[in-house]
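I am opening a notebook page on this model. My entries cover the chain as a whole, the sheet and the aromatic rings.

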Amino acid sequence: MKKKLQKYSIILFIILALFSIVSFIVVKSVYDQNFKRVNRPDYTVTGGLIDYEKVSNDYPRSNVSFYSGKNLLAGYLYGAENNKGLIVVAHGLGGGADSYLPQIMYFVDHGYRIFAYDCTGSYDSEGKSIKGFPQSVLDLDAALSFLKNDESLNHLPLFLFGHSWGGYAVANILNYDYDIKAVVSVAGVNSAKEFIGNQMVDMLGWFGYIEKPYLSLYQRILFGDVYQLSAVSGINKSKIPVLIIHGEDDETTLYERDSIIRLKDKITNNKVQYLTTTGIHGGHNDLFKSQEALNYIDSINETYLELYNSYNKNIPYEIKQEFYASLDNQLISEVNEELMKSIVEFFDLTLSN
């Protein structure tokens, strides 16, 4: 009997060991597939993005670089003559600093100097991949360390602005010790551990719950304890003004499941303000655009669908270029004035306090 139990125990151990190995491989594969390198888009066949070369005369910038780990990241400084304060812009997943040119230009127009950068594995920065969700916190840490040591910039009041992946980063960086005046987090999630775990369940169903421990292990291997940080802990620790913005119909970072704003009962920092966008501005990206821009985008999408179907879902490259060349990218990129005004007024108010 004793020998049988030992035999069964050995068999069970082998099965569990094999399952763990396979599970870890599955998790690593799925994780890495979702964090591949992101290169600059082909602007000739991409709508709604501002090509910096077309606005460079009105918004000159200087290029800088700094290291995040072993990778050299590309940074961009705007508004050299502006001294109201320095806003660091943290971009979302799948884009780069230039994805937020409409917001950057708005801030410059309202007297702020801007520092934006491409995260690891994004656009002009080095990196074979984005690596993972917590990488945005590590890259922001590297950016702030760079700014802290730059005598031409470190005297300016420091503000953070981030959207989505960047919204997560600017809130989570408050767990670190930087002299930050105020933060605006838009469509950010509370923690990488929580959000990526939810994404795993979305992709794998019930099997995702079983894989969560292996997901945590892989993220710990990649990022150490950074993956366990939370926006709530950072916001409470910092005790600085924070504006948290989220769209109620956000389908990327779900309002009721993933958002920071849903955790307001756990936030003890009395300097935090909350803004929920609704209706036409209730989405993940739509909240930044004007109503006129969104109406125009709807009409463009209808026209493109007709073109797509007319070519049996395979539009020739030259035809795509003609289509996108005809678009009014300035209108597509027109900002939601009400939202951007609220953000600037929030930053301005902290300067007077």
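Entry 1, terms. I count two strands as paired if DSSP finds at least two bridges between them. Helices (H or I, at least four residues) and strands (E, at least two) are DSSP runs, numbered from the N terminus. The model is predicted, so local features need pLDDT of at least 70 and side-chain atom pairs count only at pLDDT 80 or more, while totals for chains, interfaces and linings use all residues. Residues are numbered from 1 along each chain as its sequence is written, and side-chain values use heavy atoms, with hydrogens and water left out.

I looked up the secondary structure and found eleven helices and eight strands. Along the principal axes, the C-alpha atoms fill a box of roughly 85 × 60 × 40 Å. I then checked burial (buried is under 20% relative accessible area, exposed over 50%, partly exposed in between, with a 1.4 Å probe and protein chains only). Of the 353 residues, 50% count as buried. Among contacts (heavy atoms within 4.5 Å) with a separation of 6 or more, 74% come from residues 24 or more positions apart.

I traced an open sheet of eight strands with mixed pairing, in the order S1-S2-S4-S3-S5-S6-S7-S8. Strand S1 (61-68) and strand S8 (272-277) are the edges, each pairing on one side only. From one strand to the next the twist averages 20°; axes are lines fitted to C-alpha atoms, for helices over the stretch in contact, and angles run from 0 to 180 degrees between N-to-C directions. Helix H2 (residues 101-109) packs on the sheet and touches S2, S3, S4 and S5, its direction making about 160° with that of S4.

Entry 4, strand S4. In which sense does S4 pair with S2, and in which with S3? S2 and S4 are antiparallel over four bridges, with isoleucine 114 as the bridge partner of tyrosine 78. S3 and S4 are parallel over four bridges, and here leucine 86 stands opposite arginine 113. I also noted the cover: five of the five residues of S4 are buried. Arg113, Phe115 and Tyr117 point one way, Ile114 and Ala116 the other.

Entry 5, strands S5 and S6. S5 (residues 158-163) and S6 (residues 182-186) pair in the parallel sense over five bridges. Valine 184 in S6 is the bridge partner of phenylalanine 161.

Entry 6, rings. I searched for aromatic pairs (Phe, Tyr and Trp, the last by its six-membered ring, with centres within 6.5 Å; planes under 30 degrees apart are stacked, over 60 edge-to-face, the rest tilted). The search gave 21 pairs. Phenylalanine 66 and phenylalanine 115 have centres 5.9 Å apart and planes at 45°, so the pair is tilted. This pair links strand S1 to strand S4, 49 residues apart. Phenylalanine 66 is buried at 4% relative accessible area, and phenylalanine 115 is buried at 0%. Tyrosine 304 and tyrosine 308 are stacked, 6.4 Å centre to centre with 20° between the planes. They lie four residues apart in helix H8 (residues 291-310), so about one helical turn separates them. Tyrosine 308 is partly exposed at 31%.
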